[in-house]
Amino acid sequence: MYFPSIRDKWITGVVWSASLLGILFPLLKGQVVTTLIMLGLSGFLLWFWFRTGYKIEENKIKIYYGPIRQTVHIPEIKLIMISKMPINSPALSFKRIQISCGKYDVVAVSPQDREKFISTLLDIRPEIPIDEQLLPRKTR
């Protein structure tokens, strides 16, 4: 099952503004080579915006962040908790879930349907420790 990332409005504004202005300014000045370079860079930047999401299949979470791919093995997950750390992560929102796996690995994701994402993980491995704030109100 595929879960697209939440897209914060301000991140959307920054990505699209940088992309469009980066192309528009050189284009208006007649700088063809710069426009072509900026077109490529804008396409690369928008790749992250269009292709950030998380696919749960079998015992894995496949994380897509533009051209970057990462796999988290569900049996290795040690804890899932809320995270608002502004570190580089495959998320387009600060409304993040932090997944601790392996000995030192931590990844933060921001699925649009957080509850279904967590429930899908728990269907695969029910004993995953979950931060109480992430549990539905009826199960707290």
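Reader: What follows α1, and what is its phi like?
Author: Glycine 30 follows α1, and its phi is positive, near 75 degrees. Before we go on: this is a predicted model, where local features need pLDDT of at least 70, side-chain atom pairs count only at pLDDT 80 or more, and totals for chains, interfaces and linings use all residues. Residues are numbered from 1 along each chain as its sequence is written, and side-chain values use heavy atoms, with hydrogens and water left out.

Reader: Ok. How many residues does α1 have, and what does it reach end to end?
Author: Helix α1 covers residues 9–28, so 20 residues, and spans 27 Å from first C-alpha to last, close to the 28 Å expected at 1.5 Å a residue. That expected span is 1.5 Å times one less than the number of residues. Helices (H or I, at least four residues) and strands (E, at least two) are DSSP runs, numbered from the N terminus.

Reader: Which residues of α1 are buried?
Author: Ile11, Val15, Ser19, Gly22, Ile23 and Pro26. Buried means under 20% relative accessible area, exposed over 50%, and partly exposed in between, with a 1.4 Å probe and protein chains only. An α-helix has 3.6 residues a turn, so residues three or four places apart point the same way.

Reader: What do those buried ones pack against?
Author: The buried residues of α1 pack against α2 (32–50), with contact meaning heavy atoms within 4.5 Å.

Reader: Where is phenylalanine 25, and which patch is it in?
Author: Phenylalanine 25 sits in helix α1.

Reader: Switching to strands. Is β6 mostly covered or mostly open?
Author: Mostly covered: 6 of the 6 residues in β6 (96–101) are buried. One side has Arg96, Gln98 and Ser100, the other Ile97, Ile99 and Cys101.

Reader: Which strands does β6 run with?
Author: β5 (residues 77–83) is antiparallel to β6 and joined to it by 6 bridges, with serine 83 opposite arginine 96. β7 (residues 105–109) is also antiparallel to β6, through 5 bridges, and there cysteine 101 stands opposite aspartate 105. Strands pair if DSSP finds at least two bridges between them.

Reader: What's in the turn between β6 and β7?
Author: The two form a hairpin with 3 residues between them, and glycine 102 in the turn has a positive phi of about 65 degrees.

Reader: Now charges. How many salt bridges are there?
Author: There are 3, each a side-chain nitrogen of Lys or Arg within 4 Å of a carboxyl oxygen of Asp or Glu. Lys55, Glu57 and Lys62 are linked in a network: lysine 55 meets glutamate 57 at 3.6 Å, N to O, and glutamate 57 also bridges to lysine 62 at 2.9 Å.

Reader: And glutamate 127, which residue does it meet?
Author: Arginine 125, at 3.1 Å, N to O. Glutamate 127 is exposed at 54% relative accessible area, while arginine 125 counts as buried at 16%.
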